[in-house]
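Student: Could we go through the side-chain packing of this one together?
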Amino acid sequence: MKKFTRTLPVFVTMLLALLSFQAKAQLTVASNITISSITTSSMNISWTNGSGTGRIVVLRASSSTASTPVDFTNYTASSTFGNGSNLGNSNHVVLKGTGTSVNVTNLASGTYYYVRIYEYTGLSTSPDFQL
């Protein structure tokens with residue numbers, strides 16, 4: 001009986017920790033993505049923000065396979081394509097933060113580009129991405 005009474009507080013603490021666990025809240029994703037002001041080496045991307053505390057905009061060339069961000073990774077953004085963090089397979093971060101547009105430069109003429117916007121919660125230095 002003594003062993004049970006000694007472990008009971010630990011069991012109750014673990015049970016309370018499990019009961020207080022909350023599932024990851026679903027965020028509203030960015031919408032109304034628009035591409036404009038297209039030139040041979042640049043374009044403007046704009047959107048309506050979702051409900052995250054921030055977002056990253058990822059751009060990739062048509063020949064690349066899509067890659068997704070990793071939670072709690074501090075990515076660096078650059079509007080000069082190829083200079084921002086590479087998520088893998090040449091998926092580059094062109095914006096990070098709360099903005100609603102980015103003018104991307106250093107694009108190759110005649111290449112198709114794909115845009116993905118990932119909302120996140122938490123701090124921009126350790127974001128929890130909505131995938």
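Tutor: Let us begin with a definition: buried means under 20% relative accessible area, exposed over 50% and partly exposed in between, with a 1.4 Å probe and protein chains only. This is a predicted model, in which local features need pLDDT of at least 70 and side-chain atom pairs count only at pLDDT 80 or more, while totals for chains, interfaces and linings use all residues. Residues are numbered from 1 along each chain as its sequence is written, and side-chain values use heavy atoms, with hydrogens and water left out.

Student: Okay, why does Phe129 count as buried?
Tutor: Phe129 counts as buried because its relative accessibility is 0%, and Tyr120 counts as buried because its value is 3%.

Student: How many aromatic pairs are there?
Tutor: The structure holds three aromatic pairs, where rings of Phe, Tyr and Trp (its six-membered ring) pair if their centres lie within 6.5 Å, and planes under 30 degrees apart count as stacked, over 60 as edge-to-face and the rest as tilted. One of them joins Phe81 and Tyr113 edge-to-face, at 5.4 Å centre to centre with 80° between the planes.

Student: And what about Tyr120 and Phe129?
Tutor: Tyr120 and Phe129 also pair edge-to-face, with 5.8 Å between centres and 75° between the planes, and ring pairs link Tyr75, Tyr120 and Phe129 into a cluster.

Student: Switching topic, which residues touch the most other members of the largest nonpolar core?
Tutor: Trp47, Leu59 and Val104 do, in a core of 15 residues; a nonpolar core is a set of buried Ala, Val, Leu, Ile, Met, Phe, Trp, Tyr and Cys residues joined through side-chain atoms within 4.5 Å. A second, separate core has eight residues, including Val93, Tyr118, Tyr120 and Phe129.
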